[in-house]
Amino acid sequence: MSRFSETLERLAATIEDRKGASPESSYTAKLLSEGVERAAKKLGEEAVEVVISAVQKDKDGLAAESADLMYHFLVVLAAAGVSLDDVAAWLESREGRSGLEEKAWRHRSET
């Protein structure tokens with residue numbers, strides 16, 4: 001297992017543990033207590049900050065903002081009851097298919 005995947009697994013587990021914590025004791029518990037809408041809003045804000053860092057070619061800023069984005073992504077998943085395994089299953093189902101094929105497949109299934 002890679003360092004990245006191990007870190008994500010630990011962070012996802014920590015976020016799950018915070019579900020029952022007091023919002024006064026944990027930022028994660030506070031976000032989770034405010035619902036998926038608030039968590040999703042924070043995710044969107046972090047995504048914008050990632051884009052800004054990328055456009056500015058700020059490698060350190062991009063890495064730091066990406067960490068924030070990943071954290072908030074995991075909080076949104078937890079708030080919505082979606083696991084990393086659920087996400088992995090979707091990624092695995094797309095393996096071996098080009099991005100153009102995947103996009104065409106999704107477009108056909110939406111109509």
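Q: What is Lys42 in contact with, leaving aside its neighbours within four places in sequence?
A: Leaving those neighbours aside, Lys42 is in contact with Tyr27, Leu31 and His72, where contact means heavy atoms within 4.5 Å. This is a predicted model, in which local features need pLDDT of at least 70 and side-chain atom pairs count only at pLDDT 80 or more, while totals for chains, interfaces and linings use all residues. Residues are numbered from 1 along each chain as its sequence is written, and side-chain values use heavy atoms, with hydrogens and water left out.

Q: And where does Lys42 lie?
A: Lys42 lies in helix α3, and helices here are DSSP runs of H or I with at least four residues, while strands are runs of E with at least two, numbered from the N terminus.

Q: Buried or exposed, how does Lys42 count?
A: Lys42 counts as buried because its relative accessibility is 15%; buried means under 20% relative accessible area, exposed means over 50%, and partly exposed is in between, using a 1.4 Å probe and protein chains only.

Q: OK, which loop has Lys57 in it?
A: Lys57 sits in the loop between α3 and α4, and its phi is near 55°, a positive value in a residue other than glycine.

Q: Is that one buried or exposed?
A: Lys57 is exposed, because its relative accessible area is 71%.

Q: At what angle do α3 and α4 pack?
A: Helix α3, which covers residues 35–55, packs with α4 at an angle of about 160°, and their axes are 8 Å apart. Axes are lines fitted to C-alpha atoms, for helices over the stretch in contact, and angles run from 0 to 180 degrees between N-to-C directions.

Q: Which word describes how they lie to each other, then?
A: At that angle, α3 and α4 are therefore roughly antiparallel to each other, since angles under 35 degrees count as roughly parallel, over 145 as roughly antiparallel, 65 to 115 as roughly perpendicular and the rest as oblique. Their crossing is left-handed, a name used if the near helix is turned anticlockwise from the far one by less than a right angle, whereas clockwise would be right-handed.

Q: What residues make the contact?
A: On the α3 side they include Ala40, Lys42 and Leu43, and on the α4 side they include Leu69, His72 and Phe73. By class, this contact of α3 with α4 has 14 nonpolar, four polar and five charged residues; Ala, Val, Leu, Ile, Met, Phe, Trp, Tyr, Cys and Pro count as nonpolar, Asp, Glu, Lys and Arg as charged, and the others, Gly among them, as polar.

Q: How far is Phe73 from Ala40?
A: Their C-alpha atoms are separated by 7.9 Å, although the two residues are 33 apart along the chain. Phe73 lies in helix α4, which covers residues 59–80, and Phe73 is partly exposed because its relative accessible area is 29%.

Q: What about α1 and α4, how do they cross?
A: The axes of α1 and α4 cross at roughly 50° and come within 10 Å, and the two helices are therefore oblique to each other. The crossing of α1 and α4 is right-handed.

Q: Which classes do the residues of that contact divide into?
A: In the contact of α1 with α4 there are 10 nonpolar residues, no polar ones and one charged.

Q: Changing topic, which residues of the largest nonpolar core touch the most other members?
A: They are Ile15, Leu32, Tyr71, Leu74 and Val75, in a core of 13 residues; a nonpolar core is a set of buried Ala, Val, Leu, Ile, Met, Phe, Trp, Tyr and Cys residues joined through side-chain atoms within 4.5 Å. Two or more residues come from each of α1, α2, α3 and α4, and α4 gives the most, with six residues.

Q: What does Tyr71 touch?
A: Not counting residues up to four places away in sequence, Tyr71 touches Leu11, Ile15, Tyr27, Thr28 and Leu31.

Q: Last one: where is Pro23?
A: Pro23 is in the loop between α1 (3–18) and α2 (27–33), and it is partly exposed, with a relative accessible area of 32%. Not counting residues up to four places away in sequence, Pro23 touches Ala29, Lys30 and Ser33.

Q: And how many helices has the protein got?
A: The protein has six helices and zero strands, and of its 111 residues, 23% count as buried.
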